[in-house]
Amino acid sequence: MRALQVTTPGTAQVTEIPAPRPAPGEALLRVRYAGICGSDIQTFRGTQPFTTYPRIPGHEFSAEIIEIHGEGAGFAIGDVVTGVPYFQDGTCYSCRRGLINACVHNETMGVHRDGAFQELLTMPLDRLHRAEGVDPRDLALVEPFSIGYHAVLRAEVGESEKVLVLGAGAIGLLTMLSAQTRGAQVWIADVVASRLELAAQLGAAGTIDLSSTTIADVVTSATDGDGFDVVCEATGLPISFTNAIEAAAVGARLVLIGNGTAEVTFNQSILIKKELTVLGSRNSRDVFPTLIELLETGQVDVSAIRTRIVPFAEAQGALEAAAAGSRDDVKVLLEFPPAP
Ligand SMILES: [Zn+2]
């Protein structure tokens with residue numbers, strides 16, 4: 001079978017490797033769609049500190065079960081599923097307190113262990129979720145959706161609150177959709193016009209082009225100078241963190257999603273003056289069934305976020321283009337060939 005393998009940083013190729021065999025309690029999956037995420041780009045570039053090589057990226061996927069080793073645990077051959085890609089040890093202090101998303105020894109598919117950019121994949125049954133009523137292209141978006149939804153749960157976003165999302169990439173847009181399910185009014189900021197247009201289509205209360213508007217102007221126009229109840233930071237850029245502090249109302253919650261690598265300098269007294277609550281949000285926990293239901297019932301439509309679908313045979317070029325900084329697309333999905 002074929003896999004997209006990053007052999008060394010900067011070098012990726014679709015290559016032939018042996019098909020995996022499912023262990024007891026595992027399913028063999030035929031991947032249908034897999035999304036290219038920022039962490040896959042980091043794996044390709046060599047900027048993800050935990051990645052070892054060679055590595056198969058990918059942790060956002062939909063797939064079909066083609067074999068089950070042992071008891072089916074409620075699953076059957078032919079089921080269309082997605083899976084939770086963060087593997088925890090189950091024993092560390094985080095896991096013992098239920099914080100499995102922040103396991104001290106977390107291994108994410110595509111980063112610490114091989115991921116979904118391969119035709120066949122094995123997964124433990126207990127991390128699979130079935131979704132017969134969801135388009136398999138949308139099902140591949142459940143994992144990034146879960147990142148936004150977890151952040152919104154962390155911030156306890158509530159009815160009618162004014163929320164600002166900084167960054168209108170896939171995670172920012174999915175954070176916006178998540179906050180909307182809680183009844184919030186969501187503004188979203190970016191510097192790429194096409195992404196803001198997409199956000200407007202998806203029901204943003206307002207879109208903010210930070211290449212031509214300041215945060216102070218936004219606070220005035222959107223909140224009458226009061227500031228936002230919740231600010232979700234989805235870029236990881238230092239300027240965005242200080243923008244988040246500036247945009248926050250007194251008593252607001254700031255939730256950090258964007259995984260930045262650069263240092264940020266700010267005067268901590270502003271956190272005291274505004275009495276802000278700053279929350280980190282890592283991976284997600286126990287939300288896949290909720291999100292699948294939101295998609296199955298049509299309460300949320302994520303289809304506009306997958307802006308391009310590329311045949312798996314062209315995966316190398318798609319990853320290289322994404323790594324070169326192309327911002328034309330929000331979410332690129334790799335489409336795998338059907339069963340031979
Ligand atoms: Zn653990």
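Residues are numbered from 1 along each chain as its sequence is written. Because the model is predicted, local features need pLDDT of at least 70 and side-chain atom pairs count only at pLDDT 80 or more, while totals for chains, interfaces and linings use all residues.

**The sheet**

Six strands form an open sheet in the order S12-S11-S10-S13-S14-S15, with parallel pairing. Strands (E, at least two residues) and helices (H or I, at least four) are DSSP runs, numbered from the N terminus, and two strands pair if DSSP finds at least two bridges between them. S12 and S15 each have a single partner strand and stand at the edges, so one side of each lacks a neighbour in the sheet. From one strand to the next, the twist averages 20°; angles run from 0 to 180 degrees between N-to-C directions, and axes are lines fitted to C-alpha atoms, for helices over the stretch in contact.

Strands S13 and S14 run parallel and are joined by 5 bridges. Helix H8 packs on the sheet, where it touches S10, S13 and S14, and its direction makes about 170° with that of S13. Contact requires C-beta atoms, placed from the backbone, within 7 Å.

| S12 | residues 206–209 |

**Two packed helices**

Helix H4 (residues 142–154) packs against helix H5 (residues 170–181) at an angle of about 55°, and their axes are 8 Å apart. Residues of H4 including Phe145 and Tyr149 meet residues of H5, among them Leu174 and Leu177.

Terms used
Contact = placed C-beta atoms within 7 Å.
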